[in-house]
Structures are given as structure tokens and as C-alpha cells.
Amino acid sequence: MQIKEYKTYNASEIAELYESVGWTAYTDDLDALRRGFENSLLVLGAYEGESLEGIIRVVGDASTIVFIQDILVFPEHQRKGIGTALLKEVLHRYEYVRQIALATDDTEMTKTFYKSLGLHEYSEYGICGFMR
């Protein structure tokens with residue numbers, strides 16, 4: 001597996017990835033999804049040869065905050081360390097940034113995954129999050 005910047009947006013490939021994990025709210029507006037990619041701070045892809053297996057998409061200012069917006073791996077490639085490799089690469093690239101944040105499903109599986117990589121729930125810092 002190779003982790004490299006995802007530089008050339010491939011609409012059908014990205015739509016297939018998001019749909020494969022059930023994130024259809026994104027694929028309901030493919031133009032917005034494309035703009036999201038174009039305006040991201042960083043998008044990395046995990047590849048086996050030329051085949052995309054997963055992506056991680058980051059937004060923020062790269063100085064005081066980085067927000068991990070999306071991390072997705074095709075279902076047939078999950079549980080093989082791809083998500084871990086993508087997240088570790090982002091954590092390494094932005095190790096000097098004070099706040100690296102993300103929002104995720106409130107399940108034991110996702111909590112365990114992110115905690116295993118050194119992330120903490122907001123409540124551990126005495127803070128909460130809000131969204132509209």
C-alpha cells in the first residue's frame with residue numbers, strides 16, 4: 001500500500017467510495033462534494049498499485065487547527081490497516097498543530113479506533129461540540 005496525495009479528482013471513483021460506505025448525503029450533491037475536495041487543505045489516498053482503497057480529507061488552517069473531515073475505506077479493504085495508515089500520516093504531517101479534531105459516529109468501534117491512535121473525546125478536555 002502507498003499513501004500519496006489525491007491530486008486529480010475523479011468524480012465516479014469518489015462517488016463510488018462514498019456510496020460504498022453509505023455516505024449518500026455527500027453523493028446527493030456531487031458538485032458540493034467536488035468543491036469540498038477542491039477546497040480541502042489536504043486529501044490523501046491509499047493505493048494498491050493504481051487502485052484507490054481509501055481516502056482521508058482534511059480541512060483547516062494547518063497552523064492552529066486541522067479537522068479530519070472524512071476518512072473512508074472501501075468495505076472490501078477495511079480492517080487491513082488502511083484507515084490507520086491514512087490517519088497516522090495526517091497526524092505526522094500536522095504534529096505541530098495544537099488542535100487536530102474530527103467528528104464521527106458514536107459507536108464503540110469508532111471510539112476504540114480513534115483512541116487507539118492517541119485521540120481523545122472532547123469530554124476528556126472538558127469541552128463539547130456543536131453543529132448545525
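Author: Contact means that heavy atoms lie within 4.5 Å. By that rule, and not counting residues up to four places away in sequence, Ser 40 touches Arg 57, Val 58 and Val 59. This is a predicted model, in which local features need pLDDT of at least 70, side-chain atom pairs count only at pLDDT 80 or more, and totals for chains, interfaces and linings use all residues. Residues are numbered from 1 along each chain as its sequence is written, and side-chain values use heavy atoms, with hydrogens and water left out.

Reader: Why is Ser 40 called buried?

Author: Its relative accessible area is 15%. Buried means under 20%, exposed over 50% and partly exposed in between (1.4 Å probe, protein chains only), so Ser 40 is buried.

Reader: What makes Val 59 partly exposed?

Author: Val 59 has a relative accessibility of 24%, and therefore counts as partly exposed. It lies in strand S3 and touches Ser 40, Leu 41, Val 66, Phe 67 and Gln 69, again leaving out residues up to four places away in sequence.

Reader: Which polar contacts does the side chain of Ser 40 make?

Author: A polar contact is a pair of N or O atoms within 3.5 Å; within protein, one must be able to donate a hydrogen and the other to accept it, and residues adjacent in sequence count only if both atoms are side-chain atoms. The side chain of Ser 40 reaches the backbone oxygen of Gly 36 at 2.7 Å. A polar contact of 3.1 Å joins it to the side chain of Arg 57. Ser 40 itself sits in the loop between H3 and S2.

Reader: Is H1 roughly parallel or roughly perpendicular to H3?

Author: H1 and H3 pack at an angle of about 105°, with their axes 11 Å apart. Axes are lines fitted to C-alpha atoms, for helices over the stretch in contact, and angles run from 0 to 180 degrees between N-to-C directions. Under 35 degrees counts as roughly parallel, over 145 as roughly antiparallel, 65 to 115 as roughly perpendicular and the rest as oblique. H1 is therefore roughly perpendicular to H3. Ile 14, Ala 15 and Tyr 18 of H1 meet Leu 30, Leu 33 and Phe 37 of H3.

Reader: How do you know which strands pair with S4?

Author: Two strands pair if DSSP finds at least two bridges between them. S3 and S4 are joined by 7 bridges and run antiparallel; Ile 55 has Leu 72 as its bridge partner in S4. S4 and S5 pair in the parallel sense over 4 bridges, with Val 66 opposite Ile 100 in S5.

Reader: What makes S1 and S5 edge strands?

Author: The open sheet has 5 strands in the order S1-S2-S3-S4-S5, with mixed pairing. Strand S1 (2-5) and strand S5 (99-102) each pair on one side only. S1 is joined to S2 (residues 42-48) by 4 bridges, and the two run antiparallel.
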